[in-house]
Amino acid sequence: MLHDAVSQNRTCRRFYENERIDRDTLVDLVDTARLVPSSGNRQPLKYCVVHDPALCARVFDCLSWAAALPDWPGPDQGERPSGYLVILHDKTLVLGELFTAWDEGIALQTIMLAAREKGYAACPIGAFKKKSLSEVLGIDRETLEPDLVVALGRPREEAVIEAMPTDGSPAYWRDDAQVHHVPKRSLDEVLIAQR
Ligand SMILES: Cc1cc2nc3c(=O)[nH]c(=O)nc-3n(C[C@H](O)[C@H](O)[C@H](O)COP(=O)(O)O)c2cc1C
């Protein structure tokens, strides 16, 4: 069952913007994410919760979408995320960059799966304007560093897994019906042969 949940948990970049995710739901996701494993159990991750429509609009302006779809500028009005979690690390608590990145990966996937369970979907965003976003959210950069934005909302797009093309390109694509296709390496390709 977890295999199915992970298979269906594709990145989503278009949402029903009017069906808004509320603050309690976003806080619930953080309440789950705070329980994940952490390197050295330092737990350096902190979260900003964004649900207010006006603030969502200002956060949206800081984000970059879908590098593999250069002709698509990102979700249009009406299909934008209705909430965000910003994952930050507390500089006074970290063990090291790599450890923080490991913790953030675990937190991200946990948030995405928990959101799916509640009928929402997410897009992780690592490409964002850090300075602008910090100003929008009033983040104290002396102690807190924003690393990842999780854009959330009711999913408005279909995404399917495809076999990796023979040229090995990992680029995702959209077909004429606007279905999103994501290539994944096969089990054979990721298993290392051992003696
Ligand atoms: C750490 C991380 C950062 C990402 N940053 C962005 C981003 O800035 N913009 C974006 O549109 N997608 C971003 N993505 C989504 C990836 O493009 C997506 O995971 C990938 O295409 C595979 O699709 P899938 O999540 O459906 O398997 C990011 C994903 C991860 C894990």
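What distance separates the centres of domain 1 and domain 2, taken over C-alpha atoms?

Tutor: Happy to! Keep in mind that this is a predicted model. The centres of domain 1 and domain 2, taken over C-alpha atoms, are separated by 24 Å. As for where the domains lie, the domain assignment places domain 1 at 2-156 and domain 2 at 158-195. Their contact involves 5 residues from domain 1 and 6 residues from domain 2. On the side of domain 1 that touches domain 2, there are 3 nonpolar residues, 1 polar and 1 charged.

Now to the ligand. The shell around the ligand takes at least three residues from each of domain 1 and domain 2. In total, 14 residues surround the ligand, and the closest are Arg10, Thr11, Pro124, Gly126 and Ala127. Strand E4 (residues 121-125) supplies the largest share of this shell, with 3 residues. By class, the residues of the shell are 9 nonpolar, 3 polar and 2 charged.

Let us finish with a sheet. Three strands, in the order E6-E8-E7, make up an open sheet with mixed pairing. Strand E6 (159-163) and strand E7 (173-174) are at the edges and have a single partner strand each, so one side of each has no neighbour in the sheet. Between E6 and strand E8 (residues 180-184), the pairing is parallel and runs over 5 bridges.

Methods: Residues are numbered from 1 along each chain as its sequence is written. This is a predicted model: local features need pLDDT of at least 70, side-chain atom pairs count only at pLDDT 80 or more; totals for chains, interfaces and linings use all residues. Domain bounds come from an automatic or database domain assignment. Two residues are in contact if their C-beta atoms, placed from the backbone, lie within 7 Å. Ala, Val, Leu, Ile, Met, Phe, Trp, Tyr, Cys and Pro count as nonpolar, Asp, Glu, Lys and Arg as charged, and the others, Gly among them, as polar. A residue is near a molecule or strand if its C-beta atom, placed from the backbone, lies within 6 Å of it. Helices (H or I, at least four residues) and strands (E, at least two) are DSSP runs, numbered from the N terminus. Two strands pair if DSSP finds at least two bridges between them.
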